[in-house]
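Visitor: Hi! I have a model open here and would like to talk through its side chains. Shall we start with the aromatics?

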Amino acid sequence: MSKGRSPEPLDFFIWTAEDVGLWLEEINLGNYRQVFEENGVNGEYLESLSMFTTEQILRFIRRCHMKWGDFITLCKELRRIKVACLKGEQRIRKPWWAPACLSVVFVRLAKRNRQSRVVSLKLEA
């Protein structure tokens, strides 16, 4: 992702810790940005939250010094992103670093990846 630009929701499972920080700012949870980055909370980690046990969730909340209401907000926003992915509401854009000549290839691969992610998300739901 480019610096200062919000990460693409479609690709939340490949977000870096920095991308997660930008997203936290966007959903008004920016006060957790530093602690999330210090703990290496990336998109893959966020995606796995739905499979955490109660004990793992409580450990995460303690480690990140989160308020319970903020954790609920985080989960709701993650769910919103997953639902948008399932409905195909997210635009597919080439990443800022990809050369223009690869745009068509990237979009095809992203669509194929979206289809596999949708199957995964449906199984998870």
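Guide: Happy to. This is a predicted model, and the count of aromatic pairs in this model comes to seven.

Visitor: Take Y32 and F36 then. How are their rings placed, stacked, tilted or edge-to-face?

Guide: The ring centres of Y32 and F36 are 6.4 Å apart and the planes meet at 50°, so this pair is tilted. The cut-offs matter here: stacked needs planes under 30 degrees apart and edge-to-face needs over 60.

Visitor: And is Y32 buried or exposed?

Guide: Y32 counts as buried, because its relative accessibility is 4%. F36 is buried too, with a relative accessible area of 0%.

Visitor: What about F36 and F60, how do those rings sit?

Guide: That pair is edge-to-face, because the planes are at 80°, with the ring centres 5.6 Å apart. F36 belongs to helix α2 (residues 33-38) and F60 to helix α4, so the pair ties together parts that are 24 residues apart in sequence. Like F36, F60 is buried.

Visitor: Which residues form the aromatic cluster?

Guide: One cluster is made up of Y32, F36, Y45, F52, F60, W68 and F71.

Visitor: Switching topic: which residues of helix α1 are buried?

Guide: In α1, which covers residues 17-26, the buried ones are D19, V20, G21, L22, W23 and L24.

Visitor: And what happens just after α1?

Guide: There N28 takes a positive phi, about 65°.

Visitor: Now the serines. Where is S48, and what does its side chain reach?

Guide: S48 is in helix α3. Its side chain reaches the backbone oxygen of Y45 at 2.6 Å. Y45 is also one of the members of the aromatic cluster.

Visitor: Why does S48 count as buried?

Guide: Because its relative accessibility is 19%, and the cut-off for buried is under 20%.

Visitor: Then S50, where is that one found?

Guide: S50 sits in the loop between α3 (43-48) and α4 (54-63). With 45% relative accessibility, S50 counts as partly exposed.

Visitor: What does the S50 side chain reach?

Guide: The backbone oxygen of E47, at 3.4 Å.

Visitor: One more: how many residues lie between S50 and R79 along the chain, and what separates their C-alpha atoms?

Guide: S50 and R79 are 29 residues apart along the chain, and their C-alpha atoms are separated by 9.4 Å.

Conventions: Residues are numbered from 1 along each chain as its sequence is written. This is a predicted model: local features need pLDDT of at least 70, side-chain atom pairs count only at pLDDT 80 or more; totals for chains, interfaces and linings use all residues. Side-chain values use heavy atoms; hydrogens and water are left out. Helices (H or I, at least four residues) and strands (E, at least two) are DSSP runs, numbered from the N terminus. Buried means under 20% relative accessible area, exposed over 50%, partly exposed in between (1.4 Å probe, protein chains only). A polar contact is a pair of N or O atoms within 3.5 Å; within protein, one must be able to donate a hydrogen and the other to accept it, and residues adjacent in sequence count only if both atoms are side-chain atoms. Rings of Phe, Tyr and Trp (its six-membered ring) pair if their centres lie within 6.5 Å; planes under 30 degrees apart count as stacked, over 60 as edge-to-face and the rest as tilted.
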